[in-house]
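Keep the structure in view while reading.

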Amino acid sequence: MRHTPHFLLTDVDEVRRLITGNPWATIVSHTAAGLVASHYPVLLETPGPDDDPDALVLVSHVGRPDEVAHELGQHEVLVVFQGPHGYVSPAWYPPEQFVPTWNHVTAHVWGTPEILSDDENFRVLGELVDHFERVMPSPVSLQIDEETARRMAKGTVGIRIRVTRFDARAKLSQNKAPEVIDRIVAGLRGDGPYASPALADEMARAHAARADDQEAR
């Protein structure tokens, strides 16, 4: 990603929040056959008592034969998480500012996958289902029919990725005046063609935090 200092996202907790809120990720591998990309839900693994609390550890799975196509475990992979994003029209700027942009929150993380055992893969699959089912009125669990679920799980390969580095951006109009930011947020909350309430919320949150930080100084 373009290296723009005032858009850099360096806070591990903010990257963790981005991953948690946007678990549908793109996994990219540079293999002997060329670049390979796949898309899977990814969760952050809860650190144990002896683990580094700042470490980012991802768990997921791929459907066979993606583990072969990606050569998983043989080299580093890139995992891309995309948060709220959207077009920002110059209609929300002062007249003399006429160049549009695209705001976004994005994280690139790298690490070498570890292949999980069958039992650990089934545990992670169960946690994945439970994670998304918990908001449903009547949550469904793999434990409803564990025998069938374990049979279906054989078509997947579980992975753990200990993130060795990340490169993240929160491009949220930090280079604009507060009154312009307010207009952008209002436009994104409206009913126009580029409405994006999620992006508006992200911008409002970021700029409120920035204002609090400036006051604290």
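## Pairing of L8

In β10, the bridge partner of L8 is R169. The two strands concerned, β1 and β10 (residues 165-171), run antiparallel and are paired over 2 bridges. The model is a predicted one.

## Overall make-up

The protein contains 6 helices and 10 strands. Its C-alpha trace spans about 65 × 45 × 40 Å along the principal axes. Of its 217 residues, 42% count as buried.

## The sheet of six strands

An open sheet is built from 6 strands in the order β1-β10-β7-β6-β2-β3, with antiparallel pairing. At its edges are β1 (8-9) and β3 (34-41), each of which pairs on one side only. Strands in a sheet are held to one another through backbone hydrogen bonds, in either a parallel or an antiparallel sense.

Strand β7 (residues 101-111) can be followed to both of its neighbours. With strand β6 (residues 77-88) it forms an antiparallel pair over 10 bridges, and F81 has A107 in β7 as its bridge partner. With β10, β7 forms an antiparallel pair over 7 bridges, and there H108 stands opposite D167 of β10. How many residues of β7 are buried? The count is 9 of the 11, so β7 is largely enclosed by the rest of the structure.

## The sheet of four strands

Another open sheet has 4 strands in the order β4-β5-β9-β8, and its pairing is antiparallel. The edge positions belong to β4 and β8 (113-115); each has a single partner strand, so one side of each has no neighbour in the sheet.

Within this sheet, β4 and β5 run antiparallel and are joined by 2 bridges. L43 has V59 in β5 as its bridge partner. β5 also pairs with strand β9 (residues 156-162), in the antiparallel sense and over 7 bridges. In that pairing, H61 stands opposite G158 of β9, and V57 has R162 in β9 as its bridge partner.

Are the residues of β5 buried or exposed? Of its 7 residues, 7 are buried. In a regular strand, side chains alternate between the two faces of the sheet. On one side of β5 are V57, V59, H61 and G63, on the other L58, S60 and V62, and both faces are covered.

## Salt bridges

The structure holds 17 salt bridges. Side chains of opposite charge can pair when their charged atoms come close. One of these pairs is E45 and R160, with the closest N and O atoms 2.9 Å apart. This pair links distant parts of the chain: E45 is in the loop between β4 and β5, R160 is in strand β9, and they are 115 residues apart.

R165 and E76 form another salt bridge, with 2.7 Å between the closest N and O atoms. Here too the pair links distant parts of the chain, 89 residues apart: R165 is in strand β10, and E76 is in the loop between α2 (66-69) and β6. R165 counts as partly exposed at 39% relative accessibility, and E76 is partly exposed with a relative accessible area of 34%.

A further salt bridge joins the side chains of D201 and R189, at 2.5 Å from N to O. D201 lies in helix α6 (residues 197-216) and R189 in helix α5, so the pair ties together parts 12 residues apart in sequence. At 43% relative accessibility, D201 counts as partly exposed; R189, also at 43%, counts as partly exposed.

V180 lies in helix α5 (residues 178-189). With a relative accessible area of 5%, V180 is buried.

## A negative surface patch

Which residues gather in a patch of negative charge on the surface? They are D50, D51, D52 and D54. Of these, D54 lies in the loop between β4 (43-44) and β5 (57-63).

Key: Residues are numbered from 1 along each chain as its sequence is written. This is a predicted model: local features need pLDDT of at least 70, side-chain atom pairs count only at pLDDT 80 or more; totals for chains, interfaces and linings use all residues. Side-chain values use heavy atoms; hydrogens and water are left out. Patches are made of residues with over 30% relative accessible area and no salt bridge: like charges are joined within 9 Å, nonpolar side chains (Val, Leu, Ile, Met, Phe, Trp, Tyr) within 5 Å. Accessible areas come from the Shrake-Rupley method with a 1.4 Å probe; for residues, only the protein chains shown count as cover. A salt bridge is a side-chain nitrogen of Lys or Arg within 4 Å of a carboxyl oxygen of Asp or Glu. Lys and Arg count as positive and Asp and Glu as negative; His and the chain ends are not counted. The place of a charge is taken as NZ of Lys, CZ of Arg, CG of Asp or CD of Glu. Two strands pair if DSSP finds at least two bridges between them. Buried means under 20% relative accessible area, exposed over 50%, partly exposed in between (1.4 Å probe, protein chains only).
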